[in-house]
Amino acid sequence: MTKPVVLIAEVLSPATVDALGPDFDIRHVDGTDRPALLAALAEAHAVLIRSATQIDAEAIAAGTGLKVVARAGVGLDNVDVKAATAAGVMVVNAPTSNVVSAAELAVGHLLALSRHIPAADTSMKAGEWKRSAFTGVELYEKTVGIVGLGRIGTLVAQRLAGFGVELVGYDPFVPPARAQQLGVTLLSLDELMERSDFITIHIPKTAETTGLIGAAQFAKAKPSLRIVNASRGGIIDEDALHEALVAGRIAGAGLDVFVSEPPVGSPLIGAPGIQLTPHLGASTDEAQEKAGVSVARSVRLALDGELVPDAVNVAGGVIDPSVRPGIPLMEKLGQVFAGLADHPFASIDVEVRGEITAHDVGVLKLAALKGIFSSISSEQVSYVNAPLLAEQRGVAVRLLTEATSEEYRNLLTIRGALADGTQLSVSGTLVGAKQAQKIVAINGYDVEVPMAEHLIVMLYTDRPGIVAVYGKEFGEASINIAGMQIARHRAGGPALSVLTVDNRVPDALLARVGAAIDADLMRAITIVEN
């Protein structure tokens, strides 16, 4: 029997090959040699890469028998996930392989900043002995702000606790009880900026977090502030950071990540008080080995037809064909559900109604949790860690099934309670031969809206002229409304309006429209294809 071909396109640890085992025909190619890569992919069933190999639409098209792309690391910038999904190719990575390494690097940056270690080292190597020029500060009894209390932020908090610091944090999706367990006091971002002597950032880069810390935030900071970003480039506005350093509004910054990598020509390179490393978060022997072994195991599962917990685009495994189309819909419903929430979750029910309940629909609960926590977590979310994230936050999760669905052949619903007692729900279904994804209910209001990348959800008192108000505002801002549904229970009562628009709506515009129509709920939700 011919063995499946596993192509290794970059240097991986011997432990990675050992984890694959003897059941595969393992071949090697230089992933940076494009013609050789494309030729080798023609016979491959799986390809293992790191960061140097580009698996784009052309590469995926060349791999006619390709079933899985495995990235031995966290980032997927060099993989066209959308093209892979369209071709039915699974993409897996190793989302937890570098968490310890990344946490330790952040702590290292904090310590090096506090004691001027890089500058002192450079001075010594130049033959100088300038002890007084490098007088630093202790971490002891200082206030350290942690932006993002996911897995890496939690590890940082645990490690810093031993330094006798006061820990404060900003993470709107972490319940106070969970933060209290970590010894962290939750604050607003402005409060954290005002109180912190040190800040370290551990959140994903999204449309909402890009530029999260800019000129307005630095204006609130102590002159003694030292800030570290070892998560994703762009969360700190680099121009604002440069200005704050040059003007002496803060004391220093340590960066491992940048908007453009490498940051050629960036003024930050020569800024005072700056400390730079070339994206070393995952650059330890241990992290690299963990990543290789993890994706090797995922490749084995994928090629054996088993459920692959670390798949980022499809769940894989023995899932009935009638259930599979519900997976991406449920992930998107999870993102909508999270986008409607303004408090931590207390409980989540995943409800599945209709014909597909004759099959195992457990993967739909995982998909819902993955969608929810991908929107709010500071770490990469997979099918295996999504339930763990819910458990860590004290969120009770249930899967409920019912064979009868009155209006739709199958109906998927996420229903939950927030910590403040608010109830949320969002429902969706698949219609037609093409299984088009639609949202059919939000918070008890019946709608029928095609799932789209950009959604606006508004709740306001029904009265004449409201549509004209927000239509005018969005039009003047060049935000094209592609579709609209308005639902209400009675005339003159609350009305829920759902818009699909062609562009992301800026926060300032959203706030202005919300004030103009006196909205009780105003949300812009961006759906990310996983």
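## Basis of the description

Buried residues are those with under 20% relative accessible area, exposed residues those with over 50%, and partly exposed residues those in between, for a 1.4 Å probe and protein chains only. Helices (H or I, at least four residues) and strands (E, at least two) are DSSP runs numbered from the N terminus.

The model is predicted, so local features need pLDDT of at least 70 and side-chain atom pairs count only at pLDDT 80 or more, while totals for chains, interfaces and linings use all residues. Residues are numbered from 1 along each chain as its sequence is written, and side-chain values use heavy atoms, with hydrogens and water left out.

## Helix α11

Helix α11 spans residues 238–247, and its buried residues are Ala240, Leu241, Ala244 and Leu245. These buried residues fall within an arc of 135° when seen down the axis of α11, so they line one face of the helix. The arc is that of the directions from the helix axis to the C-beta atoms. Asp239 and Val246 are exposed and sit on the face of α11 turned away from its buried side. The cover over the buried residues includes α10 (215–218), β10 (226–229), β11 (252–255) and β12 (274–276), where contact means heavy atoms within 4.5 Å.

At the start of α11, the backbone nitrogen of Asp239 has a side-chain oxygen of Asp237 within 3.0 Å. A polar contact is a pair of N or O atoms within 3.5 Å; within protein, one must be able to donate a hydrogen and the other to accept it, and residues adjacent in sequence count only if both atoms are side-chain atoms. After α11 comes Gly248, with a positive phi near 75°.

## Cavities

The structure holds two cavities of 30 Å³ or more. A cavity is a set of points, on a 1 Å grid over the protein atoms alone, where a 1.4 Å probe fits but cannot get out; lining residues have an atom within 4 Å of a point. Grid points are joined across faces, edges and corners, and a volume is the space filled by probe spheres set on the points. For the linings, Ala, Val, Leu, Ile, Met, Phe, Trp, Tyr, Cys and Pro count as nonpolar, Asp, Glu, Lys and Arg as charged, and the others, Gly among them, as polar.

The largest cavity holds about 40 Å³ of space. Its lining consists of His454, Leu455, Ile456, Val501, Asn503, Arg504, Val505, Ala524, Ile525 and Thr526, which divide into six nonpolar, three polar and one charged. Strands β19 (454–461) and β22 (521–526) each supply at least two residues of this lining. The second largest cavity holds about 30 Å³ and is lined by Asn229, Gly233, Gly234, Ile236, Glu238, Leu241, Leu255 and Val257. By class, that lining has four nonpolar, three polar and one charged residues.

## Buried positions in helices and a loop

Ser123 lies in helix α6 (residues 117–125) and is buried, with a relative accessible area of 6%. Not counting residues up to four places away in sequence, Ser123 touches Glu128, Lys130 and Phe134. Ser298 belongs to helix α12 (residues 285–303) and counts as buried at 4% relative accessibility. With neighbours within four places in sequence left aside, Ser298 is in contact with Val92, Val308 and Asp310.

Leu333, in helix α13 (residues 326–340), is buried with a relative accessible area of 0%. Beyond four places in sequence, Leu333 touches Leu412, Ile414, Val426, Ser427, Gly428, Ile439 and Met451. Leu333 and Ala368 are 35 residues apart in sequence, and their C-alpha atoms are 7.0 Å apart. Ala44 is in the loop between α2 (34–41) and β3 (46–49) and is buried, with a relative accessible area of 1%. Ala44 touches Val5, Leu7, Gly65 and Leu66, not counting residues up to four places away in sequence.

## Backbone geometry in loops

Most residues other than glycine have a negative phi, and most peptide bonds are trans. A cis peptide bond joins Glu261 and Pro262, with omega about -5°, and Pro262 lies in the loop between β11 and β12.

His279 has a positive phi near 55°; this residue lies in the loop between β12 and α12 and is partly exposed, at 35% relative accessibility. Asp518 also has a positive phi, near 55°. Asp518 is located in the loop between α17 (507–517) and β22 and is exposed, at 56% relative accessibility.

Definitions and conventions:
1 Å grid on protein atoms, 1.4 Å probe; cavity = no way out; pocket = protein on both sides within 12 Å on 5 of 7 lines; lining within 4 Å.
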